[in-house]
Structure formats: structure tokens, C-alpha cells
Amino acid sequence: MNPERLPDPTAPEVIAAGADAPVVIAAEGESGPEGEVAAEAGSEVLSRAGAAVDIAGLTWRPYGRATPVLTGLDLRVEPGQRVLLVGPSGSGKSTLLRAIAGLLQTADSGELAGSVLVDAVAPQDRPGLVGMVMQEPGAGVVASSIGRDVAFGLENVGMQRAEMAAPVAGALTAVGLGSLDLDTSPWTLSGGEQQRLALAGALALSPRVLLLDEPTSMLDPENAAGVRSVVAEVVARDLLTLVVVEHRLGPWLDLVDRLVVIDARGAVVADGGPREVLASHGSSLVAQGIWVPGIPDPVPLTLDLDWAPPALAAGTSVATAEDVTVRHTRQDLGRAPREVTAVRGGDLTVRPGQLLALVGPSGAGKSSWLRVLGGMVAPTKGTVRLGLAGETPPHELGSVELARAVAWVPQWASATLLARTVRDELLLTARAVGLDETVATARAELLLDALGLRAIAEVDPRLISGGEQRRLAVAAAVLHQPSLVLADEPTVGQDRLTWAAVMGVLESIQRAGSGLVVTTHDGGVTAVATRIVGVRRPEPKKTKKPSKKKLAKLAERQEAERQEPSVERGAMRVGGGGRLAPDVSAGVAAEAAPVREPLVARAGPLSPLLASLMVLPLPALVTSWRQALWIIAAEVMLGAIALWAPGRGARPRGRWRGLLLRAIPLSIGVVTMAWSAWLLGGRDLEIASTAGLRLVALVLPSIVLLPFVDPDALGDHLAQRLHLPARPVVAATAALQRFQAFGELWRELMTARRIRGVGAGSSWVERSQEIAGVTFALLVAALGQAGRLAVAMDARGFGGARRRTWAGAAPWRLPDTLVMLGGLLVVAVGVLTVVFPPG
Amino acid sequence: MTNLNAAAERGRTILATRPLNRWRTIDLLTCAFLGVAFGAIYWAWGIAYAVPSEILSAPFAPLGALANWPWLMAGILGGLIIRRPGAAVFAEVLAAAVSMLIVTKWGAMTFVSGVVQGVGAELGFLLFGYRRFGARAAMVAGALAGALEAIFEWYSYWTDWDMTFKLAYLILLAAAGAVFAGLLSLALTRGLARAGALNSLPPGQEARESRTIA
């Protein structure tokens, strides 16, 4: 047996599971530069190194396009070669990557011709042969913990659970996430960590080709550097064949040995060593918007737009914030709400003509600053005032008033496009705030030319390219000249053309006297800033003159807050497979003493669900309120037992309060039901109380039990215990992971409408239309995510996973049996009340 | 609605890839994402519907059915978009399960309703042999989903009603399912296809093939 990294992922001895970087056990080349190894190695070494990629006559025309994206493309990548693939946006680079992975038809349909072979086999013949990392961090996340997420590919190839630990730990260590708890939620990671997690997911399957589709374009510079260094390490370690698509070439040049340039029609126009290709084609790459090292930053576009900013009284600031604190709550499906302090006690003043650059690490609260300044969230404490709005806090302004004063450019503004043509999009807010139509149209025409959007002025903005959407979104946000412009990382991921456009728009509006606040990591932006404001993550709060008792409490709270990050990183779970009652706050979980669990929390997710369903035949049995009362009595007794938390440890908090909260909607339903039964049943109190109590008997078990159904664990149990089909269960579990994100997107879309001046007023019709519009936009975005996730999942072998295994066990324990017996007991009481009618 | 119907009824309906029971990953994920998104919508409607429901049912209790059709949509939509056996059940059951887990006042009953409505919509598409996905199929799916749900509610919520009320409720919910839920789902399918959200699925392909090629 060769002690090599084999395609067969069941060779655990190859992967070191310790904290150090794993060692590849190889006969030669352990210390030498891998290039030499590849050059000197015989066929044996090559077989464990990267694979060759052979593309011949590849043509791809998505349905609905007259011209193919790729036409008769031929390309060979040698084993272990590291290729940087560049070209203008829309030239088919991502398409080519998907073709190499064999995933072109996964999220699109069209005509495909030609062949793609990876080491002479079709890329999807062996799951995970070709690993892939996509642009958007988190796009490929399938599970609720990083351990499960990395194990996903192993499940798809049917590896036994016991064998998964080593490759999972090895892959996480290889990407520098080895120190994290396996239970860490992927959604609490930074963007850079999420990209490294995606890489770990690919590495777990021992790929031989690695495809990276703009892996760092949505990251700040520090995170981007982290991802690149990890890529460099694993590619060197495993001698992988690498194909990277990026717009910023500089940082990748040392890592690659070949540069391939394709043009707008998807044809290869230059191919060779990076330095030579840059020497011969550098200027044409610059013209296409690619960041070529050694070429200075582009000059921001000069726009002469005849801006007319709203006049402020002399000496008035555009915006002032005093002692502002912002807290927000994060709520996952079936999880305890967590409160996060984003800004604490901050002051900020923006004067006309200033550009403030907010800088600081990810998660420091920069975006929260923009939101509170722009009235998108209310400050938890302190005051925010806008020069245009007098004493009215911005979060209380109506949509049109807010739009007049403030513009907001979110980082990925394309989701907030609202109109049906590019021209209407530009004019949307100007029309909403009643800007003079001639002035607005003149500006729009100028912007269409300056931003290169003239040719697509009448096209639906949802169908134009990403770069075009971003240029459009920035221009559309500010065309009406608000006095305050808030831009969230406006230059991240921009090519040179969109960079120049965005900076041109921002600079010209600044010159005209608007105040700008920009969050950024970009040296090109801070260089032109009036003032640079450092933003730090809020420190634990200090109290003045504390008493002894307060000091003790403070110490306790600081301890809890110090531990907050680790709590956020998913240490929410307690015990094996158990979880906290939903109302226990994160702060409590961080305290040292273990919390006792209610009995029902010691059961798996399946038995509470089944027990809730078991009572469903009851309404057919119950004909009098006396019967219902007996059943309810049994339910109350059993419910109290289920929520009882015996044993040692701290008392779990919030059990009963949570129960009462959940009982509110039930009470309303019961009253309504009883009321209509009273009206219908000849105003008979007996009939009314029977109807009401019957509903209580039906729903009470759900109210007690359902909060203890863990949606993440439910999938494991449905598939392994109830033998539901594996693939739909996995798809549903992965979709559930996005539930929280859908809520955030909803709020973002609503916010965008409000701040662009087209938010609904108070009328019922307007509100309904707004909700319908936002719901539709949300569905479009959700289905887009589904497409990207499909590619990510198929890249890890999900497409062919007919017999998959499960990394998580689905044990049935004594508490499960007890919960089921409790349900049966309720049904038995119901049957008894029929056989021996009470009263 | 004749316009909406035209493309499909002229026999230009594009069907899912064969074999029909072999779900691609994108089919599963589209269905699952629809289900989860509609779970949130169902939950929200469960709060908002109280007012219209009370107003409608005040004169005649079964008229409350006219506020209940939105809960039929995920299944119809799943069937119209995915066009494979089981899609309607999958989308509707998942939506119901999600709204149940967010806590609705009906608890586990929500889940059973989801199964019943999903099966109803599924039967609609089955009747057309999974070959028709125009207005007629959407309306039949909606009507059957509504009818089955009504019968389930006879035995769970409306045990006190006499047969006249029960039949009136059934007819009203089936009609609302056909006209409102069915046709709105069809319009939504076409809208999503035009927005480029269904490119790898049959409705998206229909939209792209009919568009003037640019």
C-alpha cells in the first residue's frame, strides 16, 4: 500500500489530526520546493499529485442566448500546474471553472458540446476529484456546525462515521481552523474563515484539482491574505493542480506559474508565464478593468453633474451622533435569541463636504454605525440628528423625508435594485422625492454615459452583469443629491472600471457639499478621506462609583462578555445531543456552572414531534368540555414532568416564561374559536367551552414539546430512524440553515425601499404592495442562493450520492421512549373519557 | 389569464428531464428553499390573517375559507416549478414544518395540514400525468389542496358544524384554492422565470426560449 494521499479518502494514516500542520508522508520532497518535486518526480509521484485537465472543443450556450459563452475552447492544464485565469467580467471565466468541475448543467440549462477530462475521466466520475471554492462566503454551507459541514463530502461517498473524524480534523487543520470547536456554527465565522471552511470541505475528499472562483473578492485585505496563504500551503502540500479566477492579479502572481487570458467572447488570447503575459498584454488587461500589479490606481471618473445639495443653515452639521449605543438581537430557528452590542457610547459629527472613512476589523460595528446614522435602526441609547431633519431622529422620518436627507450604498447593492429598466432605476429616488424632472433626466443621461450603461438603458436591471449592477446601484442611490451619503465597503470586489466609477460618483457629490461616511479597508479611499475614524469592537461596559455588590456583579458580567465570542461560536449546545431551552440567554450559558436540562430536552428531536402529532385523533373523540378538561389535566401534569429539570447544576431559566409566551397565540385562538362556536351554537356556553377546550387539548402538547425539536438534528433522525429519502432530507436541512439569512435579507430589502424614498406610507394598499414586492425579491434571491448551493454541493459529490452515510448519530434514548409514553398516556385518557364519559 | 395560459396550452410546455423520479440537486434545493421561504410567509400570514378572517366569517362562518387560501401556495408552486412527482408534497410539508417550528398557534396540526394540502396539490398534477403545468393544472391542484384541507378541518376544527356549513366551507376553500392560490402561483412562477431565478428549471427555460434572443 502506498503511503500517499490517495483518491480513496479512507486512508486515515496520511492525515495528522494534531494541532500542527498535517504531514504528507511521501518518499521524497518533504522539505524541497514542490516545483522541483513535480519536475523530478516519476509517474508514481505524479499519480498522487494534481491531475491533468483536458478541455477540447468546449462550447456552451445557455438557453435564451444567441451566442455561446464559450466557443470551441481548447485548453490543457498539466498536473500540478497553477493557473491564474483572467478576463473581462462576463467573459465566461466562472463558466469555464464550472465546466472543469463538470457542473455546467447543475444550476443552468443550455447546449453543451466538446469534452472535459480530468486525468482522462469525466470530472464527476469520482466525487470530489475536483474541489471548488466559490466567490460568496457561506454560499456552500450545508450544515449547522463546521464539523458536519466538512464531513458532508465524506457522507456523500458513503464513508463510515467512525472513519470521518481523522479526515475532518485534518482538513480543518490544513486551513487553519483546527483550533475551533467542531460544533462551531459556520454562520458565526468571518467571511475569510467561511472561505477557508469551504476549502476544508473540498480537501476532505482529497481533490486533485482545486478551482477557486474569485475566492477573496468579497473579503477585506487581511482576510483575503489569510485565504491566499492557506491556499498556497495546501496546494504545495498536495501538489494540486490549481485554477484561480481573480480580478486583482498582484497577490496571486507568486503562487501561480501560468497566466491565461480570455477575451469577452470566451477565447484564449494570451497564455504563458505570468510575467511574460503581463509584459505583452498588461495594458489590454488594464483596459478591461483588471488590477495589474505595478499599474497605479485608476483615476476616479470626473463627473460634472451640476449637483445642488440641499442647503443647511450655516454651521449646521450634516449629521451628529452623541453617546450612541446600538444593540441587536440575533434569532436562529429553534435557538435562543442572542443580544449583541455593536456600538457603545460613540460620538460622530459629519460636516458638509467631509468624507469620513470608518476603518477597523470585521465585526467592529462599522456597518452598524452607518445604519444608525441613516435611521435604518434606532439607537438603543443616545441621540442621532440630521442637519436637514431638525430634532426628529432619522429612524422616525418618513420614507421620502429620509431619502431627501440620506443615501445608502450597501456593500452588495445589486439586491436592492427596484425598477424595471436601468434608466428608471437611476431616476427612482429622484422621482420619489420630487426632484425637478429636467434636472434629474439630465443627470441620468450623463451618468448613463459616464458609467458605460448607455447601451443597456432600457434593459431590466436584474438581467445585467454584476459589475454593471453595482455601478448602477451606486449612481441610483445618490442621483437626487442627498446631504448625507453612507457607503458600506463601496470598493470591495470592484474591478478598475467600477472602482473608478464608484469613486468618481462619491467624490463629485462630496465636492458639491454633501457629507460622506464610508466604511473601508481600501487605501485608495482612506487616501482621499477628510478624516479617518478607527472603530473598535465595544469593550465591556464600565460603571462609575460601583458599590461592592455591583462590583461583584460587574465582574460576573465582564466574565460573561469575555466569553461571549466563544458562546457565539456555537458552544450553545450542552451535553450530548441536548440543547438549551429556547429562552436561556447566551450570557447565562457562558456562566461556569452547567445548567440542568429539562427532562424533555434530554430526548432527541423525533419523539417530541411524534408525541405532539399523537394527540391529533382527539378532536374526533371529544364531545364535551368535561372530557376535554380531563385530557388537559393529563397534559398539564405530563407537561410539568417534561419541563422538570432534576439533577445537579444551575436552574435552567425561562422555561415557564417561554411557555407562557407561546401560550399567548393559543389563548387568542381559543377565544376566537369559542366565540364563533358561541355565536353559531345558539349562544350556548356549553358548546362554546367545548370548542375552546378541545383546541387547548389539541395544541397544548405542541406548545410544551415543539420548542425542543432541534431542526438541525431532525434531519439526521428523519433519515436514519424513519428512513426518509436521504437527499431531500439533506436539501431541506441545508435550506433551513438560511432561515435566519432570509430574515436579514427581508429587513435589508425593506430598508433599501425606505431609504430610497419608495417605502410604503401608512395606507393599507401601499403596505400590501410593498410586502408583495419585497417577498418576490426575497424569493428571487433565495432561488439564486439555491443555485449556487447546488453547485457547491454537487462539487462535493452530492449529485451522485445514492447511498450516503451520516456523520451525526441519531440515538433513541430512554427519554425518547418516555416522551412517547407520555403522548400515549394522553391519548389513553382521551379514549377512557369516551368509554366512561365524565359527569 | 388566457395570456398566461397560451404558451403552455399550445403544447410548448417544457417538462422536467427524464427519468422523472430522478431529482437533480437543483430540483431538491429549489423545492427546499421555496419551502423554507414559504414557511416564513405562512407564519406571517398566520398572524396577519386574523383580521380579514374575522371580517369574512362574521356574516357566514364558512366564508372564513376565503382567508385561508395563501397556505395552499407552496405546494402548487413546487409542482409548477419542479414538475416532478412529489414536488408539491415536499414544498408544502416543509413550509408547514417551518411555520410550525417558528410557533404557530395550531402546533402540530400545522404539519398535518401541510401533508394534506401537499397531497391535494400533488393529486392535481398527477391527474394531468405531470404533463400540463398551465392555468388548468394550477387551478385543479389548488382546488384539490383546498378540498382536502377542508375535509381535514371538518374533523379537527369544525366538528360542531352541520353538513351545510361543512360543504359550504369545502366549496369555498376549493374555489379560493383554484382561483386565488392556483392562478397566483402560476403568475408567480412566470414572474420568477422572467426574473432569471429559474434558469435551470422548466419554467425558466420556457421563459428564455420565448424571449427575443439578444
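In chain A, A:Thr59 has A:Ala113 of S4(A) as its bridge partner. The model in which this pair is found is predicted.

The pairing belongs to strand S1 (residues 53-62) of chain A, which runs antiparallel to S4(A) and is joined to S4(A) by eight bridges. Both strands are part of an open sheet of three, ordered S2-S1-S4 in chain A, with antiparallel pairing. Strand S2 (70-77) and strand S4 (110-118) of chain A each have a single partner strand, so each of these edge strands has one side without a neighbour in the sheet. From one strand to the next, the twist averages 15°. Helix H3 (residues 93-101) of chain A packs on this sheet and touches S1, S2 and S4 of chain A. The direction of helix H3 of chain A makes about 120° with that of S1(A).

Chain A also holds an open sheet of five strands, in the order S14-S15-S16-S12-S17, and here the pairing is parallel. At its edges stand strand S14 (406-409) and strand S17 (531-534) of chain A, each pairing on one side only. Direction ignored, neighbouring strands of this sheet are turned by 15° against each other on average. S14(A) pairs with strand S15 (residues 484-488) of chain A in the parallel sense, over four bridges. Within S15(A), A:Val485 stands opposite A:Ala407. Helix H9 (residues 366-373) of chain A packs on the sheet, where it touches strand S12 (355-359), S14, S15 and strand S16 (515-519) of chain A. The direction of helix H9 of chain A makes about 150° with that of S16(A).

| H3 (residues 93-101) of chain A | S1, S2 and S4 of chain A | about 120° with S1(A) |

The pLDDT is below 50 over residues 542-547 of chain A, a stretch with four contacts in the model beyond near neighbours in sequence. Over residues 557-591 of chain A the pLDDT is also below 50, and that stretch has 72 contacts beyond near neighbours in sequence.

In chain B, helix H4 (residues 73-82) and helix H7 (residues 135-156) pack with their axes 10 Å apart, at an angle of about 150°. Angles over 145 degrees count as roughly antiparallel, and H4(B) and H7(B) are therefore roughly antiparallel to each other. Their crossing is right-handed. On the H4(B) side the contact is made by B:Gly75, B:Ile76, B:Gly79 and B:Leu80, which meet B:Ala138, B:Ala141, B:Gly142 and B:Ala145 in H7(B). By class, this contact has five nonpolar and three polar residues, with no charged ones.

Chain B touches chain A with 46 residues, which are in contact with 61 residues of chain A. Several helices of chain B give two or more residues to this side, including helix H5 (87-101), helix H6 (108-127), H7 and helix H8 (163-194). H2(B) gives the most, with twelve residues. The residues on the side of chain B that touches chain A divide into 29 nonpolar, twelve polar and five charged.

Methods. Residues are numbered from 1 along each chain as its sequence is written. Chains are lettered from A and ligands numbered from 1 in the order in which they are written. This is a predicted model: local features need pLDDT of at least 70, side-chain atom pairs count only at pLDDT 80 or more; totals for chains, interfaces and linings use all residues. Axes are lines fitted to C-alpha atoms, for helices over the stretch in contact, and angles run from 0 to 180 degrees between N-to-C directions. Angles under 35 degrees count as roughly parallel, over 145 as roughly antiparallel, 65 to 115 as roughly perpendicular and the rest as oblique. A crossing is left-handed if the near helix is turned anticlockwise from the far one by less than a right angle, and right-handed if clockwise. Two residues are in contact if their C-beta atoms, placed from the backbone, lie within 7 Å. Ala, Val, Leu, Ile, Met, Phe, Trp, Tyr, Cys and Pro count as nonpolar, Asp, Glu, Lys and Arg as charged, and the others, Gly among them, as polar. pLDDT is the predictor's confidence in each residue, from 0 to 100. Two strands pair if DSSP finds at least two bridges between them.
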